[in-house]
Structure formats: structure tokens, C-alpha cells
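User: Hi! I'd like to talk through a structure with you. Could you put it up and start with how it divides up?

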Amino acid sequence: MSESTGPEGRRFPAPQQLAAAANVGPDVYAEADRDRLAFWETQARRLSWAQEWDEVLDWSKPPFAKWFVGGKLNVAYNCLDRHVEAGHGDQVAYHWEGEPGDTRTLTYAQLTEDVCRAANALLELGVQAGDRVAIYMPMIPETVVAMLACARIGAVHMVVFGGFSADALASRLDDAGAVLVITADGGYRRGAPSALKPAVDDAVGRSPGVRNVLVVKRTEQDVEWTEGRDLWWHDVVDRQSPRHTPEAFDAEHPLYIMYTSGTTAKPKGILHTSGGYLTQVAFTHWATFDLKPDTDVYWTAADVGWVTGHSYIVYGPLANRATSVMYEGTPETPHRGRWFELIQKYGVTILYTAPTVIRTVMKWGEDIPAGFDLTSLRLLGSVGEPINPEAWLWYHQNIGGGRCPIMDTWWQTETGAHMITPLPGVTDLVPGSAQHPFPGISAKVVDDEGNELGDDSTGLLVLTEPWPSMLRTIWGDDDRYVDTYWSRFGTNVYFAGDGAKKDADGNIWLLGRVDDVMNVSGHRISTTEVESSLVGHPTVAEAAVVGASDPTTGQGIVAFVILRGSAEDSGEDLVQTLRNHVARDIGPIAKPRQIMVVQELPKTRSGKIMRRLLRDVAENRELGDVTTLTDSSVMNLIKEKLPASS
Ligand code: 6R9
């Protein structure tokens, strides 16, 4: 265990100035512990309800929860109209920036009108409350408008990441039974227009339930057109009335489906509903990020097609009347300082992103962020993977200027909102650990039998009480919902699928997916720990570790590493140095059997490394399903690196 990852590693106390004015102070934990349901009830009052609930939680048929039973609200009204009615219509909701450098500014008043027009258009197209609408779009304002228009009329949106293939889209359209697809001709990625419509044409051709395809003109690429089915957004939406009276829906009315890949080929359609979801995303966004709506400029640098985009680009920020930045493209276009240029340009105060991006910029070198004025930043966030202590310290120093606390937020598509995270004005930060359950959340580390473990032990992460933004089911498959999440330790305990460790001070460290735990000669070693050790070496920027079957040890550790910009060579010497480094750091048992230096790693839209594919490579198998990769060509690059014999 390297020095910085152990409990003896450095602590970063909450900055005093921030703590003095923080949205939540240390008492929040005691308040939540005193009466958990009353606590969530208080948070629900942050929203505007057309009708109060009769009961906070109905958990009489676990694991099927109902929150704020009998309550009614309109999610879009809560994100838009109420802020306009309160006199904030001129406040900027989004500073949007396209990859080519075009910009749009949307105030709350303008966004409300745009959403009303789109809602009227959906109604004209015959979309009804409860219908499913697929959204397959680039990161442009119409994507947010489309989501909120669905929410406004009670239609269930299903955003499919624009990088996914026609196959991935087709299987989701079919599973959800979508009646409408909203898309664009294309979007800009890495300096060039990237088409979306051909994949839609392919997928919709196989989905007889889809009546119409609504197409936003973004790149002006040529598109094929199916008369009677395809409609231009500007023809249908622009002529609509900018007024629409929102209807209040039940707190448990479905809001959206978000597909997430599971261990089997069939993706799971995670269902979120309205009142509890909006309550928890709004409250966590406000508390974890200390959001001050009048002064902050907030930026979740992630894709809307990931749950992080749903909860923390769209619903949380808008419910809290935040001013956000939204950016269409990739961090390295047209140059590697693009993100930092945006922080400087808009005076971003809060930045929320994924460790994979931090490690990428680390690889490019600290000169890149150093070239921009980042002094507007006051708080940073991390999500998607464990953030290695090295990457944490680098983020803290080179982007946060040593002054911004980092909120390492653990949560999932299924949980809807933050579940384990420090709080900015309260927690002494421990780099690499997500630390404590959020107030009102019960998370525990248990052994294989479900017994709670004390401090200083390693096991499985479970959630032992229902929470407002929890998934309600897997779309169309209640049995799979129960089996996947609520059967390992009984129907009252949610099995998250992540390994976790509690240190001697009770901080929770996430150790990656349970299926990422390796077993080497009977020793359980987490891929995350070996990866952190490798990234802790000065030559390594990124590492992915998998367990490959091994005739003698059961599994052998195989590592794929990307070197830092300044590091040279992939020679045998360096590989030996790195193997010894891990052995010294964690123990000889963790010494990788094989280390391969590569240029790229296979990643999902949320920056998660697809270890399953690397395991296929390490075990010399045919590659499995690659539909959720952002760039499937990286697998060919990696295979080329393999020694011809293996
Ligand atoms: C929000 C999101 C969920 C899985 C989760 C875990 C990993 C997310 C993390 C983290 C360690 C963090 N994960 N945040 N691991 N520390 N701060 O990422 O949702 O795409 O569904 O992934 O991501 O393994 O189980 P999703």
C-alpha cells in the first residue's frame, strides 16, 4: 500500500472560508440520523408540489418502493417556470459552447419557452403521458429541451449516448417500445461532424413501434429522409406556442429510463420516477457542491447520455436554478487546453468530471492547465471510478490550485444521485476515498454472508435503507430487478456490486466492481489497488488491470499501461521496474504477471475501462460485445501489441 493511499496518508481539512458559508454544516448528519424520513421530507419541500404527499415512504412490498405517496408535481415546472415566476427569468441557465466554437446562451425564460414549444410539438405528434421517447443526440441545447419537454407532458425519455452503435440503439428502442426518436443530423467530435441519422435510420428500420423521427439540424450533413416518418425539428417545433400549462403528475410517475450494461448481453433499462428522484438530485447537488445559485458557474463536464448528465447537467442544476456550462465536444479539440480555456472564459467555479479525464490531462502534463487562469474555481468533483490518490493530488494541485476541495462522489445509474461522498464544508478529505454515506443514506460494508464489518476491513458495499432517488425497477422485468439487486442478502438490502473497504477511521474506499476482484493463489486483490499503485509511479498516466486465468495461480495479473507524455520507451527495463514497484507497494502477491504498454484503453461513455474486453485479450479470446465502447478501434490497437504467440 503506497503511503498516500493508506489511512496514514494526508488529510485536507475543509477550507475555513467555505465551511463558514457552506450550504450544509456538520449538524446535517445528526439531523438525518434522528429521523431519516422526516429529513427527506424536509428536502422534498425544496420543490414545488401541486399536491402534498400523504406518506413519505411506502416500503410495504420491498424492494418496490414508493416515495412521497399521493404527492403530485411537474418536474419541468420545478426546473423552469417556478424560477421565472420568482423573477429569475433573465438568469442564464446554460452557457452552451459547440466544439467548433459557436456559442448559445439560454436564460431560464428562453429555456422555458423552448421547452413549452417542444412539449406542444410532442403533443401534436400524438405523444402521450407514459409513452417512451428516445433521444439520440449530440450535446446541444435541444437535447436538454427534449428531455424537459418529455418530463413536462409526462412522457418517459430514454437518452441513448450518441456514441453508441445502431445495434445498441435498436435493442433499446425495442426493449422500451419507443414511439418517437429525437435525433440530429450529427454533432461535432474531434474537429469533424459525426453523423447520427444513419444509425437512427438503421435502428428505426427494425423498430416498427417508432412512428416519427424528429431531426435537429446541427451539422448540415446530408441525411436520408423517410417521408411521412421523418420531420425537421425546426419545421415542427419552431411554429408552436411558447406557452404550455404543465400538468401535475404523481410522484411515482416514470420520468426516464437509462440503459446500463450488465454482466449479460441484454442491457438493463433502469427506471427512475419523479418526486423522489428530483428531491435527491436537487438536494445532493446543492449540498455536495455547495451550490450558490446567484454566484456560481457550475460545470459537469460529462455527456448527457450518462446518468451523471441527467442528474447533474440537467435535473439537479435546473431544480436549484444554477447557471451551468455545457460543452459539445472533446477536451482536446482544437487543442488540449480547451476545457481550461472554457473554465477561464466562463469563470467556472465548480467543476465535476471523471478520473479518466484527470488522468488523461496528467498524461499531457501540468503545463496545459498552467497556461490558463483557473482561479475562479472553488470546488471540484469526481465521479465514475475510484480516483487514485495520485490523480486526486494532481487534480487538487494542478487544477484546483491547492485550494479547492474535491468531492469524490460514489453513486450509480441505479441510485440516481450521490450516495457516498464527503461534504465540502464538513469533511476532512482523504484522497482516494469517497468517505461517508450522504446524510439520510445507509451504506454498509458486509462480508459474503451479509454480516456488517467494522473498521479496517474489506468486503461488499450494500445499501440497507431505501432512498428517494433509487431505481424503481428494471423496465419490463421486475424479476431481474429483484434478482440483480435485492436477492443476495434478502429483499431489504441493495447489493451494489462494488467491493469496498473501511479504513481504521471509518472512511469508505470503493474498490471497483466485484467482478473486478482478482483471485491470485487464493488472495483477493482488487484491480483498483494495483491500478493505483501503477499510476503512483512517475512514468505511468493510466493503468487497467485484469485477472487472466492462470494454470498455477488461478488468476494472473495482467496490466495495460499508458505512459505519461514525458516518459520514454516501453522497454523491458521499464516493465520490470513497474512490476517491482507494485510488488513493493502492495506485496509480492500483487506483482503483475505481464505488463503491456499501450496508447489507448477501451472505455465506455462514462470513462469506465471495459476490463471485460481486456480480459478477452489477456486470455486470447474472441472479443465480446463492443457496442458500448466509445471507440471500438482501440481494441485493434491493443491486439496489435500482443506478442504473436499469445
Ligand atoms: C455515476 C456513475 C456506477 C459504477 C459504480 C462504481 C463506479 C462511480 C465512483 C465509482 C468509485 C466513485 N463508481 N463513482 N467508484 N468511486 N466515486 O458512474 O454511474 O455509470 O452507473 O456506474 O461506477 O463501480 O458501481 P454508472
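Analyst: Domain bounds here come from an automatic or database domain assignment. That assignment gives domain 1 (9-432 + 447-500) and domain 2 (514-641). The C-alpha centres of domain 1 and domain 2 lie 30 Å apart.

User: How many residues does each domain put into the contact?

Analyst: Domain 1 gives 33 residues and domain 2 gives 26, with contact meaning heavy atoms within 4.5 Å. This is a predicted model, so to speak of local features we need pLDDT of at least 70, and side-chain atom pairs count only at pLDDT 80 or more, while totals for chains, interfaces and linings use all residues. Residues are numbered from 1 along each chain as its sequence is written, and side-chain values use heavy atoms, leaving out hydrogens and water.

User: Great. On to the ligand: which residues are closest?

Analyst: The closest are Asp 408, Thr 409, Thr 413, Asp 498 and Arg 513, from a shell of 17 residues; a residue counts as near if one of its heavy atoms lies within 4 Å. By class, the shell has seven nonpolar, five polar and five charged residues. Here Ala, Val, Leu, Ile, Met, Phe, Trp, Tyr, Cys and Pro count as nonpolar, Asp, Glu, Lys and Arg as charged, and the others, Gly among them, as polar.

User: How much of the ligand does the protein bury?

Analyst: The protein buries 94% of the 530 Å² that the ligand exposes when taken alone; areas come from the Shrake-Rupley method with a 1.4 Å probe.

User: New topic: where's the cis peptide bond with omega near 5°?

Analyst: That one runs from Pro 62 to Pro 63. Pro 63 sits in the loop between β1 (55-61) and β2 (64-69). Helices (H or I, at least four residues) and strands (E, at least two) are DSSP runs, numbered from the N terminus. Another cis bond joins Thr 333 and Pro 334, with omega about -5°.

User: Why point those out?

Analyst: Because most peptide bonds are trans.
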